[in-house]
Each structure stands twice: as C-alpha cells, then as structure tokens.
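Biologist: I would like to learn how to read a few features of a model. Please take them one at a time, general idea before the case.

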Amino acid sequence: MEETKPAKRKPVFKKVDQLKPDTKGHTLVGKVVSSKMVLQKARPDGIQVRQMRIAECLVGDETGTIIFTARNDQVDLMTTGATVILRNAKIDMFKGSMRLAVDKWGRVEVTEPASFAVKEENNLSLVEYELIDVNELANAGAREVVSVVEK
C-alpha cells in the first residue's frame with residue numbers, strides 16, 4: 001500500500017500592514033532596518049555551556065515595519081540591510097504591542113536584496129492594544145439601549 005503525501009501548498013506572502021495581534025502562520029519578505037542585541041548570556045546545557053542570544057530587529061516592507069525578536073542563530077542572519085524571508089512567523093504580544101517571532105516550527109532565510117523602500121513611518125510595534133472583555137462591552141451596550149428606550 002502506497003502512502004500519498006499531500007501536495008505542498010504554495011506560501012501566501014503577507015505584507016507587514018496585514019499583520020494582526022495573536023495570529024500565526026505568516027510568510028513575509030522584509031528588509032532589516034536595524035538590529036540591537038538585548039540579551040546575551042551563557043546557559044549551562046548538560047556538559048557544554050550554550051550561548052543564549054536575543055536581538056530586537058526592526059524589519060519592514062513597503063507597507064510598514066514591525067519589531068522582530070531574533071533568537072540564537074537567527075541573530076546572525078538579521079544584519080542591517082539584509083533581505084529576509086520569514087516563514088511560519090507568529091505575532092507575540094509584549095506589553096500591549098505586537099512583535100514578530102519565528103519559533104522552531106518556522107524558518108528565517110536570507111534572500112537576494114529586495115527592490116522596495118521600507119516605509120518606516122508605519123511601525124506596527126508602536127501601536128498599543130488593550131484586551132477588553134467582549135461580554136462586559138455587550139452588557140454595557142445593552143444598558144445604554146435600555147436607558148434610551150426608557151427616556
């Protein structure tokens with residue numbers, strides 16, 4: 001009996017301005033505007049000592065920019081001016097703002113330089129989001145409707 005593997009889907013590339021909070025599975029092409037190391041420390045991992053590195057990189061395309069959190073080997077790929085493809089990226093929320101990340105299920109690849117100019121004025125990581133309770137909001141709206149009907 002032969003096993004048939006499902007056909008691989010073509011990736012759907014997204015633009016930075018299409019990213020929404022707490023979503024995942026994004027594939028996008030972006031240029032690295034800047035990269036800043038925020039954490040570098042040694043971590044004992046069994047016999048050898050493993051280096052743990054985290055860098056915050058501003059990446060963007062012609063629609064906007066977002067902060068990408070690069071971890072360990074990803075830090076070396078995120079050099080200023082490089083064009084990268086982020087596969088299976090996800091949006092993490094950090095202090096109410098969006099951050100892009102690629103975990104072990106995704107991939108960061110350096111590709112040939114892109115021809116677009118990065119739109120740095122539209123930084124999605126500067127937008128602060130607040131989690132609200134939908135039920136509470138619906139009940140507040142119902143009270144307003146009731147008070148209008150009573151008048």
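Modeller: Helices (H or I, at least four residues) and strands (E, at least two) are DSSP runs, numbered from the N terminus. This protein has two helices and six strands, and along the sequence they come in the pattern β-β-β-α-β-β-β-α. The model is predicted: local features need pLDDT of at least 70, side-chain atom pairs count only at pLDDT 80 or more, and totals for chains, interfaces and linings use all residues. Residues are numbered from 1 along each chain as its sequence is written, and side-chain values use heavy atoms, with hydrogens and water left out.

Biologist: What percentage of the residues of the protein count as buried?

Modeller: Buried means under 20% relative accessible area, exposed over 50%, and partly exposed in between (1.4 Å probe, protein chains only). Of the 151 residues here, 30% count as buried.

Biologist: Which residues line the largest pocket?

Modeller: On a 1 Å grid over the protein atoms alone, a pocket is an open set of points where a 1.4 Å probe fits, with protein on both sides within 12 Å along at least five of seven lines; lining residues have an atom within 4 Å of a point. Here the lining is made up of Lys8, Arg9, Lys10, Pro11, Val12, Gly25, Thr27, Arg87, Asn88, Trp105, Gly106 and Arg107. At least two lining residues come from each of β1 (24-45) and β4 (83-94).

Biologist: How much space lies in the largest pocket, and how do the residues of its lining divide?

Modeller: Grid points are joined across faces, edges and corners, and a volume is the space filled by probe spheres set on the points. For the largest pocket that gives about 380 Å³. As for residue classes, Ala, Val, Leu, Ile, Met, Phe, Trp, Tyr, Cys and Pro count as nonpolar, Asp, Glu, Lys and Arg as charged, and the others, Gly among them, as polar. The lining has three nonpolar, four polar and five charged residues.

Biologist: Which residues other than glycine have a positive phi?

Modeller: Asp22 is one of them, with phi of about 55°. Asp22 lies in the segment before β1 and counts as exposed, at 60% relative accessibility. Asn72 is another, with phi near 50°. Asn72 sits in the loop between β3 (64-71) and α1 (73-77) and is partly exposed, its relative accessible area being 24%.
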